Amino acid sequence: MEDRRNRVLEPPEGIPAKNMPVLVPFLDRTSVTGGTVAFTAGLIAALGAVLLFTGQYGTAVPVFLLVFATPTSLYFGLITIVGSLPMRKLTGEPFRLVNGLDGAVAAGSRVSVPLDGRWFVTRLPAPLRAQLAAQRRLWTLGPFFMLPGSIVPRRGKFRDAPAKGSTTFLAESVSPGKLVRLQRRLLAFHYFLGVGITLVVALLALWITFDLPDRGSVLVPSSLALAVACGLAAIGLTVTGLLLLRPIPEPRWTELFVVSGPASVNLFGMVTVTGRTVLPDGREVSVRAGGSDPSLAANIAATGRLSVLGVPMAGKVAKAGVPGHAVFGPVKFGR
């Protein structure tokens with residue numbers, strides 16, 4: 001019997017975008033969460049400004065609060081105001097499929113696609129660029145777009161000219177191994193970025209230790225402990241990042257069929273799905289997905305398919321994804 005299940009989640013064509021599974025709850029939750037984080041971080045930044053003015057806790061404590069709370073508030077406020085909120089307002093309109101990408105050009109991470117007499121310009125990380133180069137296919141909704149397999153909208157800009165220095169965006173096949181390696185490099189970059197942030201926290205914590213006017217304050221040993229913990233965390237992040245850069249053999253996918261309910265969005269905007277599957281050894285177990293990439297759980301729920309790197313085992317966590325797409329994340333198998 002022919003298997004008619006979809007192999008990957010894509011937006012519905014010709015009907016409102018709100019009919020795409022999980023999209024509207026995901027946008028609503030990220031809007032609320034992003035707005036809450038931006039507001040809370042803004043209050044902490046304001047507290048830092050007040051403490052800096054009063055001088056009660058020295059200089060290091062308010063600087064610490066300002067250095068981390070201000071960019072956090074601005075970042076989450078920006079992605080809410082220009083991202084999830086305007087995207088949510090457009091979900092009554094249908095997505096538009098742009099296929100073939102004839103005439104597309106690229107300059108580094110910036111890809112420019114000719115569309116309606118103008119250029120649609122956006123930035124893409126390496127895994128998504130590789131996927132787009134191979135598939136030559138994306139979905140647009142106003143200034144937003146998605147690639148097949150993804151439920152995370154990205155924003156582009158319509159311009160009169162392509163990005164400066166652009167050359168032809170060549171069609172190029174991508175092997176599963178190449179896509180996994182590109183994803184691992186991107187993760188390694190984020191780990192090394194985390195190392196830098198952690199070291200900044202450690203230095204500021206040390207400054208707090210020596211700067212506090214009240215030497216008997218509980219903040220003195222607490223900040224010292226934070227500095228030590230951050231130093232150890234930086235070592236761990238560095239090792240993890242280096243391990244991700246190691247050469248890996250060509251991955252082998254194991255495809256499983258999953259019976260599940262619809263995917264759901266939790267309080268923090270993570271998309272999760274729970275179901276049951278049969279492992280290669282014949283054991284029927286539960287499986288739960290929901291982690292760094294919300295698109296993974298959404299694809300499992302929409303397609304009934306789960307692809308795992310290597311051989312899945314009961315009671316273990318496995319690395320999963322959507323072959324040919326920049327969608328990766330962990331799944332947990334029950335016993």
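User: A cavity, on a 1 Å grid over the protein atoms alone, is a set of points where a 1.4 Å probe fits but cannot get out, and its lining residues have an atom within 4 Å of a point. Which residues line the largest cavity?

Analyst: First, some ground rules: this is a predicted model, in which local features need pLDDT of at least 70, side-chain atom pairs count only at pLDDT 80 or more, and totals for chains, interfaces and linings use all residues. Residues are numbered from 1 along each chain as its sequence is written, and side-chain values use heavy atoms, with hydrogens and water left out. The residues that line the largest cavity are Val258, Val273, Thr274, Gly275, Val287, Arg288, Ala289 and Ile300.

User: Which elements give two or more residues to that lining?

Analyst: The lining includes Val273, Thr274 and Gly275, and also Val287, Arg288 and Ala289. Elements here are DSSP runs numbered from the N terminus, with at least four residues of H or I for a helix and at least two of E for a strand. Those that give two or more residues are β12 (271-278) and β13 (284-289).

User: How much space lies in the largest cavity?

Analyst: A search of the whole structure finds one cavity of 30 Å³ or more. Its volume is the space filled by probe spheres set on the grid points, which are joined across faces, edges and corners. The space in the largest cavity is about 30 Å³.

User: How many bridges pair β12 with β13?

Analyst: Strands pair if DSSP finds at least two bridges between them. In this hairpin, with five residues between the strands, Gly282 in the turn has a positive phi of about 95°. Val273 stands opposite Ala289 in β13. The pairing is antiparallel, and the number of bridges is six.

User: In the hairpin of β11 and β12, which residue takes a positive phi?

Analyst: Strand β11 (residues 264-265) pairs with β12 in the antiparallel sense over two bridges. Val265 faces Val271 across that pairing. Five residues lie between the strands, and a positive phi near 85° belongs to Gly269.

User: What is the bridge partner of Ser260 in β12?

Analyst: β12 also pairs with strand β10 (residues 253-260), antiparallel and over three bridges. The partner of Ser260 in β12 is Gly275.

User: How many residues apart in sequence are the parts tied together by Phe120 and Phe158?

Analyst: Aromatic rings of Phe, Tyr and Trp (its six-membered ring) pair if their centres lie within 6.5 Å, and planes under 30 degrees apart count as stacked, over 60 as edge-to-face and the rest as tilted. Phe120 and Phe158 make a tilted pair, 5.0 Å centre to centre with 55° between the planes. Phe120 lies in strand β4 (residues 118-123) and Phe158 in strand β8, so the separation of the parts in sequence is 38 residues.

User: Is Phe120 buried or exposed?

Analyst: With a 1.4 Å probe and protein chains only, buried means under 20% relative accessible area, exposed over 50%, and partly exposed in between. At 2% relative accessibility, Phe120 counts as buried.

User: Which residues is Asn299 in contact with, leaving aside its neighbours within four places in sequence?

Analyst: Asn299 lies in helix α6 (residues 294-303). At 2% relative accessibility, Asn299 counts as buried. Contact means heavy atoms within 4.5 Å. Its partners are Val8, Leu9, Gly149, Gly304, Val322 and Val327.

Definitions and conventions. On a 1 Å grid over the protein atoms alone, a cavity is a set of points where a 1.4 Å probe fits but cannot get out, and a pocket is an open set with protein on both sides within 12 Å along at least five of seven lines; lining residues have an atom within 4 Å of a point.
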